Amino acid sequence: MTERTEITGTVADLNGEPHLVLSRTLDGRASDVWLDLTDSDRLGRWIGHWEGDPSSGTVQFFMTAEANDPRPERCTILQCDPPRRFACETSVEGDAWYLWFELAEAGGTTTLTFGQRLNPTDDVGSIGPGWEYYLDRLEAVRAGRDTSTVAWGDYFPALQPAYLRLVASG
């Protein structure tokens, strides 16, 4: 995999609040992409896994792509409309992130639009490169490539200045 040199994220005003928004076009049906984003085993191939009962509205999420022994994050499911839209709030040690994604299928491909509401104290210089990294890992898995072909060092600190400029101009 070649190093990503351009950011794909933008900052959008959604309902009066800033959101970091990234998108990817993926081969396949929205229902299959949905499983890559919501099924615990399939999530485990590129980012992490969850434990618990989603019907309760809350699960524990473990970002195993970052560490062998990750801290659990409380994930409160706010919206689940398969295979179109999902929204949740994750929290660890008092920090909370509102995350969402939408899927749109057309002509054998699915567009994934992923977003995170930006809090005033969020470090977009690391958050933006982080989501680029994870979404590229998702693309690798869907293309049958090993996720080790996607190296964190190609994203951070390389993309940090562009994300900081994005927020400064927004």
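In this predicted model, Glu105 is partly exposed, with a relative accessible area of 38%. Glu105 forms a salt bridge with Arg29, and the closest N and O atoms of the two side chains are 3.6 Å apart. Because Arg29 belongs to the loop between β2 and α1 whereas Glu105 belongs to strand β7, this pair ties together parts that are 76 residues apart in sequence. Arg29 itself is exposed, its relative accessible area being 53%.

The pair formed by Arg29 and Glu105 belongs to a structure that holds twelve salt bridges. Another salt bridge links Arg117 with Glu17, where the closest N and O atoms are 3.7 Å apart. Since Arg117 lies in strand β8 and Glu17 in strand β2, parts that are 100 residues apart in sequence are tied together by this pair.

Arg142 counts as partly exposed, at 23% relative accessibility, whereas Asp36, at 0%, counts as buried. Through salt bridges that share partners, Asp36 and Arg142 are joined with Asp32, Arg42 and Arg45 into one network.

The strands that carry several of these residues belong to a sheet. In general terms, the strands of a sheet pair through backbone hydrogen bonds, and the pairing may be either parallel or antiparallel. In this model, eight strands form an open sheet with antiparallel pairing, and their order across the sheet is β1-β2-β8-β7-β6-β5-β4-β3. The edges are formed by β1 (10–14) and β3 (49–53), each of which pairs on one side only. From one strand to the next, the twist averages 30°.

Individual pairings within the sheet can be followed strand by strand. Strand β7 (residues 95–106) and strand β8 (residues 109–117) run antiparallel and are joined by eight bridges, and within this pairing Leu103 has Leu112 of β8 as its bridge partner. Strand β4 (residues 58–62) pairs with β5 in the antiparallel sense over four bridges, with Thr58 standing opposite Thr76 in β5. Strands β5 and β6, which also run antiparallel, are joined by seven bridges, and these two strands form a hairpin with three residues between them.

The bridge partner of Gln79 in β6 is Ala87. When neighbours within four places in sequence are left aside, Gln79 is in contact with Arg85, Phe86 and Ala87. Gln79 is partly exposed, with a relative accessible area of 33%. Between Gln79 and Ser40, which are 39 residues apart in sequence, the distance in space is 17 Å from C-alpha to C-alpha.

Helices also meet the sheet. Helix α3 lies across β2, β7 and β8, and runs at about 20° to β2. Helix α3 takes part in a helix-to-helix contact as well. For helix α3 (residues 124–142) and helix α4 (residues 160–169), the packing angle is about 120° and the axes are 8 Å apart. The crossing of α3 and α4 is right-handed. On the side of α3, the contact involves Val124, Gly125, Gly128, Pro129 and Glu132, which meet Gln160, Tyr163, Leu164 and Val167 in α4. The residues of this contact divide into five nonpolar, three polar and one charged.

Methods. Residues are numbered from 1 along each chain as its sequence is written. This is a predicted model: local features need pLDDT of at least 70, side-chain atom pairs count only at pLDDT 80 or more; totals for chains, interfaces and linings use all residues. Side-chain values use heavy atoms; hydrogens and water are left out. Axes are lines fitted to C-alpha atoms, for helices over the stretch in contact, and angles run from 0 to 180 degrees between N-to-C directions. A crossing is left-handed if the near helix is turned anticlockwise from the far one by less than a right angle, and right-handed if clockwise. Contact means heavy atoms within 4.5 Å. Ala, Val, Leu, Ile, Met, Phe, Trp, Tyr, Cys and Pro count as nonpolar, Asp, Glu, Lys and Arg as charged, and the others, Gly among them, as polar. Two strands pair if DSSP finds at least two bridges between them. A salt bridge is a side-chain nitrogen of Lys or Arg within 4 Å of a carboxyl oxygen of Asp or Glu. Buried means under 20% relative accessible area, exposed over 50%, partly exposed in between (1.4 Å probe, protein chains only).
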